[in-house]
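Thanks for opening this one up.

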Amino acid sequence: MKHDITFTINGESVHLTVLSHQTLLEVIRNDLGLTGPKYGCSTGECGACSVLLDGEVVNSCLVLAPEADGAEIMTVEGLSEDDELHPLQKSFIDHHGVQCGYCAPGMLISAKALLSRTSRPHEEEIREALVGNLCRCGAYADIIKSIQVASRARR
Amino acid sequence: MVMRKTHVIGKPFPLVEAQKKLTGVSCYAGDERFGPELLHARILFSERGHARFRLRGVEAARKQEGVAALLTGRDLHTRLGAVIEDRELLAVDEVKYAGQPLAVVAAESTEAAMQALAMIQIEYERLPGVYDIESALAPNAPPVHPHMASYRGFDQVQAEPERNLAHQVAFQRGDVEKALASAAFVLDHTYTAAPLQHAPMETHGGVAQRQGKGGLIMWMHTQAPFLQREVIARALHMDPKDLRIITQCVGGSFGSKVFVSVEGLLAAIAREVDNRPVRLHLTREEEFRAVFMTPAMRARVTMGLDDQGHIVAIRAIYDWNVGASVDAFLMEMQRIALAGAGPYAIPNADIQVNAIYTHLLPAAPMRGLSIAQVHWAVEQHVDELAEMAGVSPLALRQRNLVKGGDQLFPNFVMHANGLESCVLETARAIDWQPDHQREASGAVASGKGLAMGWSPILVSPHCKSRATIQCDGENLCTVIVDGVDVGQGYYAFITQLISFELNFPIEWITVQPTDTGNYDSDWRAIYNNLLWSTGRALLQATAELKRQILSYVSEMWEEPMTNLDIVEGEVISYATKRRLSVLTLLQEGTGEGAPPVFRAAGVYEPEVKAESLDGALQSFATTGYAAEVAVNLETGDLTVLQLAGAADVGHAINPEGVKAQLKGGIIQGVSQTLLEEMRFKDGAPVTIDFMSYPIATTADMPQQIHPIVVEIPQSTGPYGARDLSNHVLVGASAAIGNAVYRATGVRIRELPITPQRIYDALQTQAKTVEGNC
Amino acid sequence: MTRHAFISMETVFLKSFQYIRPESLEEAGRFLAGDAPVKLLGGGNTLLLRIQSGEEEPAILLDVKHLPGFKDVRYHHNQGLKLGAAVNLQHLVMGLEIRRHYALLHQTAQKLASPQVRNRATIGGTLAWASPVSELAAPMLCYDAVCHVWSSRGLREIPLSEFYLGDFQTALAGDEIITHVHLPAFPNRTYGVYRRQTVRHDGRRMIAAAAVLAYRRQQALTHWRIAVLGVDDRPKRIPEAEAALEGAPTEEEVDRALHIVQEQIHPVDADYARADYRRASLNVLLRQAILDVIQQLQSMRS
């Protein structure tokens, strides 16, 4: 079954025809060519495919594409503006928040969701906010530090 | 002499590829952009363990709409392996393990590929299987590889196929029997470790495309492109020169993307298709079921201690369940033998390392190279021995640890090392004390434990490492190497080294993705110990490049070369104070004719004579771990409160990068020790996702993490540096195990340390106490 | 014997289905009354996995999240809390009325899965999945939650304590839809505790869990509620044990309550925890939870 859907992604409005059983992750990657959200497990356990859906972090592998009709979506590609890196991205670079890097786009999205709610999160809050994002390199400590530093740097 | 201001060695330095990775730029498996030409490959894997099988419906599947090519073992019967070819690319008639590939298809879409495979029916006829070490070694057990003697590479292994011994490495010194007979204390225990999954966040994948008649290009996410090229080419009867592997970002490997797993099938099916790119990208379930496991370990350890506190003897037998293939594990076995007595100068040692074939999926070593599991046994054993003798576990370690100058192996004298500093500094970081036992608050008891580690760095013959640097006006400074960055900071190190040696700003330097088209390297081309070997090749190349640049300017300025130097990107003359930006030099040259192109290459080739599987021992990485845990004595619930990890890296070229690796090792150490265990039912994995195979989340992190860098220079390494990333978690599990013992009085000798195991041990302890009353 | 080898998928489902977003309960009811197999789609965290693995093969997925009133949250100090079936679990973490008046629900929801899952998972969907380790069920059972259910045959109310039939089965008929969940109002001096033991500390691989709630009326601690997870084929209350605690329980009465619980649970082996261990774990968690509640309530000013 086909669905004509419209949503905004990283500030741009898109109009697409999708099938019922396509996932939002599949559409973002294959139809829109945005490779920030990653395939990691398809079971909602790893968070590599995290995107913001109406401002809240979700696993895009477990959202059906037609469910996104009318939504506002942000992927990691929407973090930086005019080629200027987002403070979170800069902080991840400076504090070794990235090793192999596969989890990084999802981590950034979770961090973004957290900071939009709590401007100065303490460590425990950051840990809780990242519990749905797996990092096999074990870079959690530096990721948490990156987020803390970025939150302090913000006005 | 002018001081170099751009001194980047030993300073914080970010990962070179960080920005790309943080902005979502495509570089991982599944990200490749090839347009509508792209075909999609899927693999049919056996879901059964040992069985005879027949495929039905293959021809219909082949004719299915959208199918470009389909191969079964009957179409392409070939074997695969780096040293011993003990795997088949596609099974024929007999399935040896669940997860073995039976067919591969390339189609216009993933759905079409899946539909084609769904048309193939598999008829299994179950055969008796052996899935664990005990049953594989039992009399009359079915041999997993009865025809092993006919495999290519059989002469490289010490095998007894009829009793499932795939390979054996042994090491002896002194007289263990005699020493044990006269020891004051003798202790004998068995320790086990569960099989693990590497579980990189990026599942295996890549793209392959035929080039002309016989050639093939593969865009791969592998740690070892030269090894993969050789193995795949040999399996497909290709000349390795016709197969080019271009590496892309690697979204985690931990050892799973070194040896060939599904990559050979991608190459095979792409060769069947007319010049169209074919993509393969495994699902998470396939990654769990069909790539590699790490081998399960059973270690039987006996140590003897004299009344002076000297460990006088060790006998250790390490048995490893390598599944249906030993090939990827062979090289680690020698390491295990060398590390197998632990980081101690024990005069009498008898170490035996056995790889046992079973009908499980092939084993490959993981980060820590199975040396982590070896230390799980040895370093708990030393604590047990200390308790038996009534001495402090730290004092016993200090008395016996290996020191610079000790000769424990023929032709190898131990170098100066930071082993003692590692254990002392980690002990200090968590305030470990020799006398305190447990601290209890209500039902929760806490305790602290220590462990050390050492891990041999071996280099095999042919294990060359190469580096080429080119400076030109267009691309400034490009570097071609033969190793691959898997997130450990290899490219950052290269950039730092060149920036330091040539005194160039880091922005000028670009490390090219490693491409087998650049070098005609042997398959043993380096994929481990990268810093040490690439570093030495780079030092050669930078020296030559600097000579070329200065020589060129020397002619241009008509000044002797000895007057000239490069400082902060400028050629300067100490005599005439003339200066010239290297940038201008590269873009304009002398102003006449084409601007210059400087190109220099370096090769590091280890001096290893032996033409065998054996590598030569170069050095040992040494580590220390200290853990504090809290255990609920009623429920067995275990929390790691703090974990300190120290490593002697010789010289920290990128200190924050080193700490990042240590912190990662600490988290992986917690994960492997508390959570991870691959489980099977009738030989088929039942741990097939992150629910059934949990890995550590932020909720499992210790409250405090202490990464500690120790620097005792390695005279043979670049700037005195030594490799780290592979060895980083050696000792973590045993430190946690020793801490659990101190908190609870129960000793867990099986990995992982699950709450159920602690609870059971506490119950047994309670019953014993009751019995004694 | 012939079987298919496993084939899983990257971003596609093995079989396609129709996604439909009904505008009204009546429209949804017509689909439910039809011949095609229908599944209600809430957050999809479980259902989409089951479709991927082939355990469910619906022809139609009805997205009930946009039905009128399904995202409503209403609190009234006398009438209690009404939570629309499509309210997400994150609301239980963030919502002020939840924090203030249903602290146990807030406390439990905070520990539930991950932000990604909580942002999608719906109250109706989570309750209807009826997992024996459903953490949402524990506080909901303690707060005497009642499921309000619609079908073309009419409306009915199912107390959550009668909702679970065991082994992932519920009292819902095939054509019924949960519209909202109602929690009665509780007095101010109510206190609840949720305790769990899990192998991974984010909540995965539950050994056992318990929620305990009571309130204080003058010197008496009353209205005891005990809900247990992971130790039976369903999340369940243990009313006889609750009765044993009525008043101001002595140590012996707490022991007796724990004893009753032990008699009324039926844990099964999991690969990470044997049944006897889950039993023992529950006993410890529950005792701690009861003692916590007693202590907290007794320390409140009368």
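**Where chains A and C meet**

1. The contact draws 27 residues from chain A and 21 residues from chain C; two residues are in contact if their C-beta atoms, placed from the backbone, lie within 7 Å. This is a predicted model, in which local features need pLDDT of at least 70, side-chain atom pairs count only at pLDDT 80 or more, and totals for chains, interfaces and linings use all residues.

2. On the side of chain A that touches chain C, the elements giving two or more residues are α1 (24-31), β4 (56-59) and α3 (104-117) of chain A. Here β4(A) gives the most, with 4 residues.

3. By class, that side of chain A has 12 nonpolar, 12 polar and 3 charged residues. Ala, Val, Leu, Ile, Met, Phe, Trp, Tyr, Cys and Pro count as nonpolar, Asp, Glu, Lys and Arg as charged, and the others, Gly among them, as polar.

4. Now for chain A as a whole: 5 helices and 5 strands, in the order β-β-α-β-β-β-α-α-α-α along the sequence. Helices (H or I, at least four residues) and strands (E, at least two) are DSSP runs, numbered from the N terminus.

5. Of the 155 residues of chain A, 64% are buried, meaning that 20 or more other C-beta atoms, placed from the backbone, lie within 10 Å of the residue's own. The C-alpha trace of chain A spans about 45 × 30 × 25 Å along its principal axes.

6. A word on numbering: residues count from 1 along each chain as its sequence is written, while chains are lettered from A and ligands numbered from 1 in the order in which they are written.

Definitions and conventions: Buried ≥ 20, exposed ≤ 12 C-beta atoms within 10 Å, placed from the backbone.
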